[in-house]
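Subject: Structure handover

Hello,

Here is the structure I promised to pass on. Please open it first, then read my notes below.

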Amino acid sequence: MKNLITSFKLVALTLLVCCVAYPLTVLAFAQAITPNSADGSLLTNADGEVIGSRLIAQSFVSPRYFWPRPSAADYNAQGAGGSNLSPSSPALTERAKALVSAFGASAERPLPADLVTASGAGLDPHISEAAALYQVARVAAARGWTEEKVEALVEAQAVRIGGALVPDKIVPVLALNIALDQAEDVRQTNP
Amino acid sequence: MSDSSKTPSSLWSANLLFPALGLSIRKLDPRQQFRNPVMAVVWIGAAVTTLFTFQTPTLFNIQITLWLWFTLIFANFAEAVAEGRGKAQADALRKLRTKTTARKIGSNGTESVVNAGELRRGDRVVCETGDAIPADGDVVEGIATVDESAITGESAPVIRESGGDRCAVTGGTKVISDRVVILVTSEPGDSFLDRMIGMVESSKRQATPNEKALNLLLIALTAVFLIVTFTLPPFVDFGLRQAGGDGSGNIPLPVLVALLVCLIPTTIGALISAIGISGIDRLTRRNVLAMSGRAVEAAGDIDVLLLDKTGTITLGNREAVAFRPTPGVKELTLAEAAQIASLADETPEGRSVVVLAKRLHNLRAREVAEPQAVSVPFTAQTRMSGVDFLTDGQPVQRVRKGSTEAIAAWVKGQGGELPAEVKSVSDEIAKRGGTPLAVAQGAEVLGVIELKDIVKGGIKERFAQLRRMGIRTIMVTGDNPRTAAAIAAEAGVDDFMAEAKPEDKLQRIRDEQAAGHLVAMTGDGTNDAPALAQADVGVAMNTGTQAAREAGNMVDLDSNPTKLIEVVEIGKQLLITRGALTTFSLANDVAKYFAILPAIFIGLYAATPGVEGPLARLNLMGLSSPESAILSAVIFNALIIISLIPLALKGVQYPPMSAAAMLRRNLFIYGLGGLIAPFLGIKMIDVLLTTLHLA
Amino acid sequence: MTTLLTILLVVGGSAVIAWPLGLYLTWAMQNGKTPVSKDLKSQTWTQYVMSMAVFNGLMFALCFGVLITQQFLPLNPDSRGPLTWDLVFNTAASFTTNTNLQHYSGEAQMTYFSQIFALMWLQFVSAATGIACLAALARGLSSRGNGFGNFFLDLQRATFLFLLPLALLVAVVYALGGMPMTLSGSATATTLEGAVQTIARGPVAAFVAIKQLGTNGGGFFGPNSTHPFENPSFFTNVVSMFAIVVIPMACVWMFGRILGHLRHAAVIFGVMLVLVVGKIAWSVYFESAPTAAFDGLPVEQMVGNLEGKELRLGAVTGPLWAALTTSTSNGSVGSMHNSLNPLTGLAPLTGMWLNETFGGVGVGMINMFIYIVVAVFLAGMMIGRTPEYMGKRVESREMLLAAICLLAHPLLILGGTALFASTPWGLETIKNAGPRGFTEILYEFSSAAANNGSGYEGLGDNTVPWNVATGIVMLIARYLPILLPLAIVGSLAAKRPIAETVGTLRTDNATFGVMLLAVIVLLGALTFLPAAILGPVVEHLLVVTK
């Protein structure tokens, strides 16, 4: 009985501290110091409309845009998930075959693996530098630009994964596509 | 206890083996088999497999069945051999218990002849020359020579007398001369002899604490492997169905039983009772009787040994080592006087003086004719001994030797004085651990004989060994602290108790135990009994009193206190053997897995039915066929039991070394060895089976 | 090279931090002042267990109550609906037992209230329960004989003085690293191509901090730490891996300090570290093999198998995280385990089978204690002495309790797997066919029995049989291995201490370390080897021999 009374006391106390005081403190800190990322790193267009999150992949099918990695969750950002397929799964082979033909890959021009593999959450906002460069020709052709111009935009967006520790470069797809559109807008406004 | 039992060759002697073989088959009785949980599982497995084989009598099934039964028989055989050795001893002892009659003294002092079996504690009986002593007891009247060879194997008769520490007699021994009255100290059926028979026969053997704990671990391992084995068919069924089958072709029962039997710790399970029995047996062979298996186990844990100085650390007696004459006296004169004073002294010390005089000065022992000389024996009052030379019945010359104080008093009585040099020499001798004996002729002190305790040869090394084993030795002596310290240093003991009284011993044991030590001691006197009872291991000397023998948990029939060290070693060996075989048993499983699992899984996920599947690659040993692989593992498992019986009976070697070195050594031999050996063994059996077309 | 450096940074770095953290943890647990302390005296082991049981009972009840009524409770901006009773039972059991096996998807099914007041609360107090019980175990074993301590004091100390400040620190770092922290509902975005994307978010930083620190592992989002909001960058990823292992590591030092045998703790730490490094090496090696399904296709595979992995976390994260999260009973994932290469999966499985290579906060060391008892028992016999540990003899009673403990783990895992592998309960829920399907079932029971919480996801485990079975397994697997070791220590504490001599088995040198390692590997490997062969091994061989 004494156990129960003390337990109730401690339940109340821990709830108050861990579930009210603690999250509110973190909330206050985050909203004050890093308000943008605290709200989900949202990106807005010139009109202030939310067009997505810098951290969340969204679907791109138009050849004018860079395509993200395949998503087993169909880029559903409120029901994310991976394919959960075994690396030897026949379903994985089927999916890969579809992607190979969509990208038009061939033995001479093999597709970078990250464009064939679904990420863990299906929301991976990045593609590898190689995967971005792989798509340059298509994007350039669709937009009627030179490949060099598109490539320059890719390089401008590319970041190292882990700084000096992991120097491999990755490219955030949404940010890159926004940059593409912005470049397009600049061209349209200043012909 | 008979002499033949001391020879190691009896381990495999035919008259032990054939009865053991018969016994091991009789032990297949489930009531016997189910006392050992590991072997009970094997028994059930064998029985079920037998039934299965009756329905499907293939060569493979028949062989598996046979080898499963062999496994059980081998296990029983190990126990039977161990028991058989005890039984032989028990039979010899039992002959002593043949119905004897006893002359009981009634309360009114009249004698009546009764059956020995009716004697109760407190009865008095008379024994005369040629009588067998009817029960355990203490001599309360008279003195007699007793033949105890039937129990101790020692052919020389021993003296038993009332009072003192040599009053205990054992039922079944025989009075050779004289007459004694004995107070019976045991109830019928609970005599020393009965307990001895019980112990060596192991029929009443109780599992010791460590054995019980180990058994629990073995049961847990058995249960784990039961789970592993019996979840396997559903797992395989899943695979078969995933590969497109209908679930047929799952593991046949004999194979499943074979896997189970190979995985559960049968090696240690089969040998555990043999190890326990043979531990006690090894003690018995060294003429030490343990009153319980628990005591033997405790012996291995001892870290403090309480040893009496006399007889254990030093030879029983002091020896004369030098003559130290008073300045102005020739050493020869002193030697002559000393020799004369010792001629009538029949004690070993006295004899050693004579021997020393002869050795140093070539003095022959002269016969002192009775009429001219009267020897004066040592008494507690005078604390001197010597000779009075007579002329016409009047003493003309008196020679005495004795403690410096006694001689000083004696010469003073004659107007003489103890020279200061003698005093200082005496002190110096005492300081070195010796005993000074002053010699006086008339009022003149001629000098001092230096007597010394002779530390037993090799004892120092023995103690060093013990120290490495983590055992501290404490010497107990009645000597003064100075003498004790000197002897302690010479013998290399870690600590000593000087001027120790029996109650000091008891207190010391309690103190050590309170500090977390486990103490062993030897003792023989009645006043040792409380300490013997308090000690974790108390070894009573067989020559000791009945009280001492009752109090200790071991009796040394040879009455050799040094044997305590061997007792400790045997206790350790017992545990080491258990631990080593458990580790070996467990390590063996790896190889058995790699023999049996690929054999079971060979067809799983095969591209087409009937050919080898991907898991055939796990056949690391390259065993020739699945049947041969499984059979080889089962045969290896059975044969390893047989081949380890000698080790179980003799015990794993115990070279004294530190705990860490010991662990490294045994982990290497039985762990790593246990990992590798079955790979070789199973492969060899596989080759043999294939050559013989048995699989 | 970058792989090696990352591993070194994470494992070496946390091992270094663990030392001062252990010092602080010991101080907090031994001397810390608590808000409620009146009448809280040192308890016997039975009283301690009783208090723990009552408090944990309340934890379960409250969590159950909140989850079953979540649709009526506040902080539900996205109008999440009710949960089924079996899912609620499973989730309550899962979070009470520090397992955080999730048969639900957080962002799709849980309200913010449930996430904070049921789940995050339990992430604090269940972790504190583990630390408290280890402190009690160590006090009982130590020769000072001051009893086992008081559960309620220990719970407060672990929660307020240890977990809370660390969680605050990590949460702040996470927020700075880009993790969301908001109570607003989902954001709605209109994509560049004109589609509508609803982006779930929430008080993620606070939640994830304690999720990692308390070896809880239950994610705010379904895909756990592969979700970009739950693990936005390589930097947060490294911090997360630190957070996963550092407290379990510190717990070993706390054990040693309370016990007064730091060298003994160092040997245990070494053995655990060897096993962890072994598992990491194994998984990183096998995960560097390319995705087998792409054989013969024009796909360029430079960095091993990328299926189920996030690019921003680096290629080594998948296998490294997999080894760490299962070594510590954390159960959060940094890649999708079901998409790991066949043999890579053996590393996380082994982690859960052994369950004491640092293990859960507090309980990992408690699990190790059972193996120590067995190792001491065998080693003690092999040096010819009645086995003893910390100067107390290990006899029948202790072996009986240890034996039950040893038995429980394989029984729950193999028994459960056998049941589900041969009935529609399991057969109809597997995602991948063939041996991988078997591994999915095996993994789920291993995870439940190890109180780990990770999964070979894709298994359709939100069913009544799965929810009930794993719920029961988690409860047994949590409380039995706390109760029995405490009972063993209770029995040891009552014994006469034995003095230490040269002949005493030393538990603080390399030889004992090897002995302990051998016992762990032999018992672990021997028990689960057949299952391992029928799952990951045969799947690997099928790929290799194709």
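One definition comes first: buried means under 20% relative accessible area, exposed means over 50%, and partly exposed lies in between (1.4 Å probe, protein chains only).

Now the ground rules. This is a predicted model, in which local features need pLDDT of at least 70, side-chain atom pairs count only at pLDDT 80 or more, and totals for chains, interfaces and linings use all residues. Residues are numbered from 1 along each chain as its sequence is written, chains are lettered from A and ligands numbered from 1 in the order in which they are written, and side-chain values use heavy atoms, with hydrogens and water left out.

**Confidence**

The model scores ipTM 0.95 and pTM 0.88. pLDDT is the predictor's confidence in each residue, from 0 to 100. Chain A has a mean pLDDT of 92, with 97% of its residues at 70 or more. Chain C averages 93, and 99% of its residues score at least 70.

Helices (H or I, at least four residues) and strands (E, at least two) are DSSP runs, numbered from the N terminus. Among the elements of chain A, strand β4 (residues 126-128) has the highest mean pLDDT, 96. Helix α6 (residues 173-189) of chain A has the lowest, 85.

**How the chains meet**

Contact means heavy atoms within 4.5 Å. Chains A and B do not touch. Their nearest C-alpha atoms are 14 Å apart.

**Chain C**

Chain C has 17 helices and five strands. Its radius of gyration is 23 Å, close to the 24 Å of the globule rule for 546 residues, so chain C is as compact as a globular protein of that length. That radius is taken over C-alpha atoms, and the rule is 2.2 Å times the number of residues to the power 0.38. The C-alpha trace of chain C spans about 80 × 60 × 45 Å along its principal axes.

Of the 546 residues in chain C, 73% are buried. Take the contacts in chain C with a separation of 6 or more: 79% of them join residues 24 or more positions apart. Chain C exposes about 14,400 Å², and carbon and sulfur atoms supply 69% of that. Accessible areas come from the Shrake-Rupley method with a 1.4 Å probe; for residues, only the protein chains shown count as cover.

**Salt bridges**

Side chains of opposite charge can pair when their charged atoms come close. A salt bridge here is a side-chain nitrogen of Lys or Arg within 4 Å of a carboxyl oxygen of Asp or Glu. The structure holds 46 of them over all chains.

Start with R103(B) and E128(B). Their closest N and O atoms are 3.1 Å apart. R103(B) lies in strand β1 (residues 101-105) of chain B and E128(B) in the loop between β3 (124-127) and β4 (137-147), so the pair ties together parts 25 residues apart in sequence. Both are partly exposed: R103(B) has a relative accessible area of 24%, and E128(B) has 30%.

Next, E211(B) and R578(B) meet in a salt bridge at 3.4 Å, N to O. E211(B) is in helix α7 (residues 209-230) of chain B and R578(B) in helix α21 (residues 564-601) of chain B, so this pair ties together parts 367 residues apart in sequence. E211(B) is buried at 3% relative accessibility, and R578(B) is buried at 0%.

In chain C, D508(C) pairs with R506(C), with closest N and O atoms 3.0 Å apart. D508(C) is buried at 12%, while R506(C) is partly exposed at 40%. Elsewhere, salt bridges that share partners join R64(A), R143(A), D181(A) and E184(A) into one network.

**One residue in chain B**

L289(B) sits in strand β8 (residues 288-290) of chain B. L289(B) is buried, with a relative accessible area of 2%. Leaving aside neighbours within four places in sequence, L289(B) has contacts that include F192(B), M196(B), N553(B) and L557(B). The C-alpha atoms of L289(B) and T71(B) are 33 Å apart.

Best wishes
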